[in-house]
Amino acid sequence: MNMLIDITIFQNLVYIVSSVLFILGIKMLGKESTAVRGNILSSVAMLSAVSVTLIDVDIGITIIISAIILGALIGSVIALKVKMTAIPEMVALFNGFGGMASFLIAWSQFTDTQPALLQNLLIMITIYIGGITFSGSIVAYGKLSEKINLEKGSLVTNILVTFFYLSIPALLIMMFAPALSIDSNFIFFGFLVLTVLAGLGFVMPIGGGDMPVVISLLNSLSGIAAAFAGLLLLNNVLIVAGSLVGASGLILTIIMAKAMNRTIGNILFVGYASASSSKSEGEQGEVKPITAEDAYLILENASSVLVVPGYGMAVAQAQHVVRELGELLEENGTEVKYGIHPVAGRMPGHMNVLLAEANVSYDLLVEPDDVNPTMDTFDVAVVIGANDVVNPSATEEPGSPIYGMPIIEVHNAKTVFVLKRSMSSGFAGVQNPLFFKENTRMLFGDAKESIGTVVSEFKD
Amino acid sequence: MEVYILLGFVLLLSIFLGLELISKVPSTLHTPLMSGANAISGIALVGALMLSAEGQIQNVLAFFAILFASINVFGGYLVTNRMLSMFKKKS
């Protein structure tokens with residue numbers, strides 16, 4: 001008995017140390033110069049917390065070892081094989097796994113003993129958050145990898161959304177079930193299934209362009225689920241680490257929502273369609289197409305160029321050829337910058353990762369606020385597969401659904417090239433007046449091929 | 001009861017601490033921060049290891065809880081490291 005107490009004290013001391021390491025680790029992860037060390041520090045924290053827990057376990061050692069080895073294998077293979085363009089769906093999947101782990105922990109606690117009122121409450125909350133995070137992340141994964149194409153308004157989506165709304169009163173009932181003397185395993189299993197369905201209904205109606213917000217929110221929820229599991233198990237390191245994840249995901253969610261000038265509630269529960277009264281604009285003017293050869297001639301004479309990438313660059317896998325163009329321009333004496341909008345792409349920082357993979361130095365990347373005031377000094381702005389984030393309606397048309405959203409004001413540059421596959425509108429479904437501006441030239445076709453042609457012109 | 005209030009306090013303070021720590025993260029690091037946080041949420045592994053294993057159901061639940069959390073831990077740290085090693089500043 002005495003020995004047992006000593007072990008618990010020792011474990012808790014180590015948990016405190018690893019909590020501190022987690023805190024320092026995540027702090028360092030927020031700065032370029034210290035990020036690598038921060039990640040390593042946090043992995044040391046994880047290793048020490050896990051090792052000290054292993055001293056005293058109830059689960060059979062074969063189960064533990066086989067599960068950890070299998071998990072390590074699967075995790076490492078995914079992490080080392082994943083393409084940088086597929087990072088958003090991988091993060092979504094991992095968010096879901098985190099939620100699932102907490103969901104299973106709470107489930108197991110429920111089967112453990114007849115829980116007291118407070119424990120029961122924590123079990124149900126953990127199951128709910130974990131379950132929603134899991135299935136919601138699976139939908140996010142499906143949408144990001146384009147395996148799920150169900151949109152808002154379809155029958156299946158509506159049914160799933162109904163489950164989501166049903167799940168909220170169900171959670172309240174389950175939380176106070178012992179007090180209401182509801183005591184049935186059958187009802188508990190029903191609740192498990194309902195939370196998973198509710199998660200599907202939570203994310204299904206949300207469109208692909210809003211995924212940066214959803215993925216950040218699910219990231220936050222996976223941490224909150226772990227923190228609640230920590231409350232349930234009376235474990236402080238789970239609480240601290242889970243809360244840190246919850247906070248970091250929340251910050252990213254807020255940054256993303258701000259970058260769209262929308263509230264989180266509007267993104268999750270309303271969407272663009274109902275936010276717009278979409279009056280179709282009559283005056284659109286003429287689109288002026290240009291060939292890659294002509295684009296080359298203009299770029300060759302430019303003294304400063306701003307590249308603005310969007311999701312289209314990821315789809316076309318054009319990041320390497322973009323970097324090549326940037327280098328050729330620099331050799332030619334042109335100043336090159338990359339304007340990155342916070343919600344360009346499908347997750348926070350998506351464009352930054354792609355350009356980093358292509359070896360673009362990160363000090364060349366600039367944010368909208370840095371570049372907008374001096375936009376008129378740029379000779380050419382090259383928009384690669386971005387649409388809504390450069391739509392001047394956001395600043396010029398008070399009736400537009402995206403009015404007020406901070407954009408990269410490329411229309412103020414001397415010349416704008418827009419690389420695009422067709423004239424289709426962006427995610428928000430709003431026509432883009434940029435395409436019809438006097439100083440805009442449209443370069444239609446696959447972004448990778450178009451830039452490839454410009455690059456080969458440069459080399460000749 | 002008291003212990004729950006105490007730990008609830010820890011939870012709230014940790015969230016505020018996290019918000020303070022990460023509030024000014026540059027957008028270059030948004031993705032690595034998220035995948036790094038992802039790895040940290042694998043702390044559920046500690047919780048999974050603490051589960052009891054009486055009957056068959058509990059053993060199965062424990063196995064999968066450990067499995068999912070370990071995928072998160074290993075996958076999360078590795079991919080974050082891989083991403084961060086690509087961020088370079090040309091001198």
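User: In what order do the strands of the open sheet of chain A lie?

Analyst: The model is predicted, so to speak of local features requires pLDDT of at least 70, side-chain atom pairs count only at pLDDT 80 or more, and totals for chains, interfaces and linings use all residues. Residues are numbered from 1 along each chain as its sequence is written, while chains are lettered from A and ligands numbered from 1 in the order in which they are written. Strands (DSSP runs of E, at least two residues) and helices (runs of H or I, at least four) are numbered from the N terminus. The pairing in this open sheet of six strands is parallel, and the order in chain A is S3-S2-S1-S4-S5-S6.

User: Which strands of chain A are the edge strands of this sheet?

Analyst: Two strands pair if DSSP finds at least two bridges between them. An edge strand pairs on one side only, and in chain A this applies to strand S3 (365–366) and strand S6 (440–444).

User: Over how many bridges do S5(A) and S6(A) pair?

Analyst: Strand S5 (residues 415–420) of chain A runs in the parallel sense with S6(A). Within this pairing, A:Lys420 has A:Phe444 as its bridge partner, and A:Val416 has A:Thr440. The number of bridges between S5(A) and S6(A) is five.

User: Which residue stands opposite A:Val416 of S5(A) where S4(A) pairs with it?

Analyst: Strand S4 (residues 380–384) of chain A pairs with S5(A) in the parallel sense, over five bridges. The residue opposite A:Val416 is A:Ala381.

User: How many of the residues of S5(A) are buried?

Analyst: A residue is buried if 20 or more other C-beta atoms, placed from the backbone, lie within 10 Å of its own, exposed if 12 or fewer do, and partly exposed in between. S5(A) is largely enclosed by the rest of the structure, because the buried residues number five of the six.

User: What percentage of the residues of chain A count as buried?

Analyst: Chain A contains 18 helices and six strands, and its C-alpha atoms fill a box of roughly 80 × 45 × 35 Å along the principal axes. Of its 460 residues, the buried share is 52%.

User: How far apart are the axes of H6(A) and H7(A)?

Analyst: Axes are lines fitted to C-alpha atoms, for helices over the stretch in contact, and angles run from 0 to 180 degrees between N-to-C directions. Helix H6 (residues 155–175) and helix H7 (residues 185–203) of chain A pack at about 135 degrees, with their axes separated by 7 Å.

User: How many nonpolar residues does the contact of H6(A) with H7(A) have?

Analyst: Residues are in contact if their C-beta atoms, placed from the backbone, lie within 7 Å. Ala, Val, Leu, Ile, Met, Phe, Trp, Tyr, Cys and Pro count as nonpolar, Asp, Glu, Lys and Arg as charged, and the others, Gly among them, as polar. The contact of H6(A) with H7(A) has four polar residues and no charged ones, and its nonpolar residues number 13.

User: Which helix supplies the largest share of the side of chain B that touches chain A?

Analyst: The contact takes 95 residues from chain A and 76 residues from chain B. On the chain B side, helix H1 (2–22), helix H2 (30–40), helix H3 (44–49) and helix H4 (56–84) each supply at least two residues. The largest share, 27 residues, comes from H4(B).

User: Are H2(A) and H4(B) roughly parallel or roughly antiparallel?

Analyst: The axes of helix H2 (residues 35–54) of chain A and H4(B) come within 9 Å and cross at roughly 165 degrees. Angles under 35 degrees count as roughly parallel, over 145 as roughly antiparallel, 65 to 115 as roughly perpendicular and the rest as oblique. H2(A) and H4(B) are therefore roughly antiparallel.

User: Within what distance do the axes of H4(A) and H4(B) come?

Analyst: The crossing of H4(A) and H4(B) is left-handed. Helix H4 (residues 87–112) of chain A crosses H4(B) at roughly 155 degrees, and their axes come within 8 Å.

User: What is the value of phi near A:Leu234?

Analyst: A:Leu234 lies in the loop between helix H8 (211–233) and helix H9 (236–259) of chain A. This residue counts as partly exposed, because 14 C-beta neighbours lie inside 10 Å. Phi of A:Leu234 is positive although the residue is not a glycine, and is near 55 degrees.

Notes:
Two residues are in contact if their C-beta atoms, placed from the backbone, lie within 7 Å. A crossing is left-handed if the near helix is turned anticlockwise from the far one by less than a right angle, and right-handed if clockwise.
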